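Biologist: I'd like to learn how to read this kind of model. Could you walk me through some features, one at a time?

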Amino acid sequence: LPRYDFLLSSPLLQGITFEAEMDWGGCKNFVTTCVVEGVRVFFIEPSNGMFKVGQVYSQPHDDEVKFEFFCKAALEFLLQTGRQPDIIHCHDWSSASAARAYWQDYHHYGLWKPKVVFTIHNLEFGAAAIGDAAMNAQKFTTVSPSYAFEVGGHPAVEPHSAKFSGIINGIDTDIWDPLYDQFLPTPYSAENAEEGKRDAKKALRERLGLRQDRDCPVVGVVSRLTTQKGIHLIKHAAYRTLDRGGQFVLLGSAPDPKIQADFDELAGQLGGDMGAFCYAYDEPLSHLIYAGCDVILVPSMFEPCGLTQMIAMRYGSVPVVRQTGGLRDTVFDVDHDKARAAWEIHGSDDHTKAGMDGTNGFSFEGTDEGSLDYALNRAIDCWYNDIAFFRQLQSRNMTQDWSWNKPALDYIELYYSAIKG
């Protein structure tokens with residue numbers, strides 16, 4: 001990684017030690033290292049001050065220069081220290097130039113062993129660089145099978161489709177674990193989910209000033225407020241939830257001042273003892289929302305993978321999502337996806353067998369308010385009219401495995417395929 005100054009304040013970076021010093025790129029480059037959650041990480045710090053900044057991204061041209069410098073400096077570090085990894089795995093446009101640089105400038109000059117794998121996390125940015133990296137990679141992936149299908153015809157992707165695939169991301173189940181979550185009033189698992197979520201709902205209502213005397217569903221949104229995230233549907237969901245007698249909670253903020261102003265106005269209209277709008281980064285509150293809400297809404301226009309819906313299920317909340325990208329690959333509608341869920345969750349081609357119901361939420365296909373209503377109303381109806389099934393659904397969601405266990409095996413298989421190819 002680049003050694004940004006702001007990284008030094010992270011409690012995860014303990015015991016940083018000196019690793020190497022190299023002359024490259026017209027300056028000295030210092031490499032330090034430490035172990036972060038069991039993984040050794042190297043940090044490159046050029047003496048030209050390129051990464052002595054307070055944020056990752058700045059102006060597009062400046063970013064291109066910085067990231068290209070970093071990619072080549074990383075390759076130079078491998079070369080000069082005699083390291084020969086099996087795989088160089090590059091992610092998104094910011095490290096895309098490493099793929100071409102490796103083959104042109106390093107493979108024939110001592111860094112002979114690695115194969116290159118490249119992963120797209122969002123094709124909205126840097127498509128030209130992504131296409132170039134795809135061409136120079138042995139294997140080329142994105143972060144869900146459905147997103148791979150959706151972008152398969154893109155000019156940056158289509159010429160390399162033979163080596164392209166989608167592998168779903170996972171969540172860190174140590175960080176996101178309601179049984180050991182320091183931010184929750186009561187630890188809980190699937191066995192005592194009803195008690196744990198009841199206490200979390202009470203704490204959430206106290207924290208946000210919501211009424212405690214209403215026996216109603218709480219619908220939550222944890223999201224950046226951008227067009228990609230379906231902001232028109234988030235606004236509509238706030239009105240619809242309150243109209244149905246529920247409570248609505250939003251945690252997020254908008255980088256666009258106009259969008260933020262719109263949501264400030266929404267908070268002025270709907271905020272109170274039935275609706276709460278928090279425009280900030282608040283890690284403890286996000287945990288409390290996942291635990292205290294009955295429903296978590298993710299109405300994205302596109303979503304390469306998405307972690308929100310998986311975290312929600314880990315905490316026993318029921319996701320309501322738009323069927324796109326990774327949302328489609330992880331949320332299976334209780335009314336329409338029984339066969340698909342049985343196959344994806346249990347590996348069974350017969351969803352009628354006992355224990356084969358893997359459905360876990362409610363979904364919709366369109367991008368309009370009526371489409372959202374179709375899913376959200378069914379979720380709210382289920383809470384009001386069949387709470388026993390809703391509780392069963394919550395517990396079922398908590399037993400499904402959205403960790404890195406399976407994706408890690410898929411990546412290992414991909415790496416071996418790249419090496420053999």
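Modeller: A search of the whole structure turns up 29 salt bridges, where a salt bridge is a side-chain nitrogen of Lys or Arg within 4 Å of a carboxyl oxygen of Asp or Glu. Bear in mind that this is a predicted model, so local features need pLDDT of at least 70 and side-chain atom pairs count only at pLDDT 80 or more, while totals for chains, interfaces and linings use all residues. Residues are numbered from 1 along each chain as its sequence is written, and side-chain values use heavy atoms, with hydrogens and water left out.

Biologist: Which residue forms a salt bridge with aspartate 410?

Modeller: The general idea is that side chains of opposite charge can pair when their charged atoms come close. Here the partner of aspartate 410 is lysine 406, with the closest N and O atoms 3.1 Å apart. Because they are four residues apart in helix 14, about one helical turn separates them. Helices (H or I, at least four residues) and strands (E, at least two) are DSSP runs, numbered from the N terminus.

Biologist: What about arginine 244: which side chain does it meet in a salt bridge?

Modeller: Arginine 244 meets aspartate 381, at 2.5 Å from N to O. This pair links distant parts of the chain, 137 residues apart: arginine 244 sits in the loop between helix 6 (231–243) and strand 9 (247–251), and aspartate 381 in helix 12 (residues 369–385). Arginine 244 counts as partly exposed because its relative accessibility is 24%, and aspartate 381 is partly exposed at 31%.

Biologist: On to strands. How do I read the two sides of strand 11?

Modeller: In a regular strand the side chains alternate between the two faces of the sheet. In strand 11 (residues 295–298), both faces are covered: Val295 and Leu297 are buried on one side, Ile296 and Val298 on the other.

Biologist: Which strands pair with strand 11?

Modeller: Two strands pair if DSSP finds at least two bridges between them. Strand 8 (residues 218–222) runs parallel to strand 11 and is joined to it by two bridges, with glycine 220 partnering isoleucine 296. Strand 12 (residues 318–322) also pairs with strand 11 in the parallel sense, over four bridges, and leucine 297 stands opposite valine 320 there.

Biologist: And what covers the buried residues of helix 2?

Modeller: In helix 2 (residues 97–106), the buried residues are Ala98, Ala99, Ala101, Tyr102 and Tyr106. Their cover, judged by contact (heavy atoms within 4.5 Å), includes strand 1 (17–24), helix 1 (60–80), strand 4 (87–91), strand 5 (115–120) and helix 3 (127–135).

Biologist: One more: where is asparagine 48 found?

Modeller: Asparagine 48 is in the loop between strand 3 (39–46) and helix 1. Not counting residues up to four places away in sequence, asparagine 48 touches Cys27 and Phe69. With a relative accessible area of 39%, asparagine 48 is partly exposed.

Technical notes. Buried < 20%, exposed > 50% of the residue type's maximum accessible area, 1.4 Å probe, protein only.
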